[in-house]
Amino acid sequence: MPNFKAKSIKELSLPFEKDGVSFLFKAYNDKITLILTRVLEQSFFLQIKREKDVFIIKADKHSKPSKIGYLQKALKIFKENFCEGILNEAFGLKNNALVEQTPFIVKDFEELLLRLEKEEKIYIEIGFGSGRHLLFKARQNPEILMLGVEIYTPALTQVAKLAKAQNLNNVLLIQSDARLLLSILKRKSIEKIFLHFPVPWKDKAHRRVIGEAFCKECARVLKGEFELRTDSYEYFDFALKEFLNFSKPQFLLKKNENLEISSKYEDRWKRQEKDIYDLVVWNLDEIKEDETQDFDFEDLYLSKKGIEAFWGQFEKKSMKRKDYFLSFRNLYQSEKGFVLKCAFGAFNAPSHAYILFGERLKFLLKNPLKTRENLKALGELKQILKEFS
């Protein structure tokens, strides 16, 4: 991550703007100073941390911009205008160039949703690995967007290279947890979802992709079919039982069916003469929930005394519920009010946010994603804050 070290920081006279970089205001506590920074369309925090007689300046890790060049430019402008005695700097680009530049990979959900708005038909493959099946489907269906979701960077970069080499313009990839991805998609927006040879997690069923929440999201976003292909009968049986919780699901069950394309894992299992199971499910009745919920804090206002009382009771405190958590990380002072940094949402895909306690409460940077877990966590936050308003 780009950063530099300096012996001293000049007085911060903010706001300050130069060469398209704006430093808007600072928020601080006894350990860290945050500088709200804007470069073109992206806002983020620079972080100043003092260690003995040295200041370390870098991005706050939970707000860093998706374009690393924006951060580098902001650090350069800040160094030249507010710092003295530069000891060292590390502005080198560490991210894989393909991940930064390729049109096949999107960096965040905001960019993804904009791209998906233009598509009429979308297939999703979860955990595409080497990409054999995903690329085959893309070649087979040039009119359909193949959206691949994967958590491993090497898989993303390799499949992006293959898509580029094969001139497949209907491939789009994102690095994400699949459960979080589904939660931000529009209802009835996806034609098919493929999940081929997921990790069975035999002794840790809670880590499986498929579960109650996942099945509900499939029902919400799917127009057509969900397809599981696995060498694990236990996983196959587990998934079948989860989908049987719907009122009128329809299934197609197959065993040892040969597909037109085979993944490297499937080739391995076949050499070992293992059975392969297919579960195709459709006609899932959607469990409708209130989609009008939002993250506004209404007319909630906390005085300085109220904020200090809240922090005195909840400083560094975390609350774990059945399907979500809420954690209070840091509180900063600023001329615009206090800034609360908190984490919340799903355990497997936590969100981080900065809330400004000014004339009214509002999110800095950007609003969190409207996932079910985020809504529950922030609903609890509202109730807590009302006690101190």
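The legends below describe close-up views of one predicted model. Local features are given where pLDDT is at least 70 and side-chain atom pairs only at pLDDT 80 or more, while totals for chains, interfaces and linings use all residues. Residues are numbered from 1 along each chain as its sequence is written, and side-chain values use heavy atoms, with hydrogens and water left out.

**View 1. The open sheet of eight strands, with mixed pairing.** The strand order is β8-β11-β10-β9-β12-β13-β15-β14, where strands (E, at least two residues) and helices (H or I, at least four residues) are DSSP runs numbered from the N terminus, and two strands pair if DSSP finds at least two bridges between them. Strands β8 (105–106) and β14 (250–255) stand at the edges with a single partner strand each, so one side of each is left without a neighbour in the sheet.

**View 2. Strands β9 and β10 with the helices that pack on the sheet.** Strand β9 (residues 122–126) pairs in the parallel sense with β10 (residues 145–150) over five bridges, and the bridge partner of Tyr123 in β10 is Met146. Helix α4 (residues 132–140) touches β9, β10, β11 (171–175) and β12 (190–196), and its direction makes about 170° with that of β10; contact here means heavy atoms within 4.5 Å, and angles run from 0 to 180 degrees between N-to-C directions of lines fitted to C-alpha atoms, for helices over the stretch in contact. Helix α8 (residues 233–243) touches β12, β13 (222–230), β14 and β15 (277–282), with its direction at about 10° to that of β15.

**View 3. The salt bridge between Arg229 and Asp278.** The closest N and O atoms of this pair are 2.4 Å apart, a salt bridge being a side-chain nitrogen of Lys or Arg within 4 Å of a carboxyl oxygen of Asp or Glu. Because Arg229 lies in strand β13 and Asp278 in strand β15, the pair ties together parts that are 49 residues apart in sequence. Arg229 is buried at 0% relative accessibility, and Asp278 is likewise buried at 2% (buried means under 20% relative accessible area, exposed over 50%, partly exposed in between, with a 1.4 Å probe and protein chains only).

**View 4. The salt bridge between Arg321 and Glu380.** The closest N and O atoms are 2.4 Å apart, and the pair links Arg321, in the loop between β16 (318–320) and β17 (325–334), to Glu380 in helix α11 (residues 372–386), 59 residues apart. Arg321 is partly exposed at 35%, whereas Glu380 is buried at 15%.
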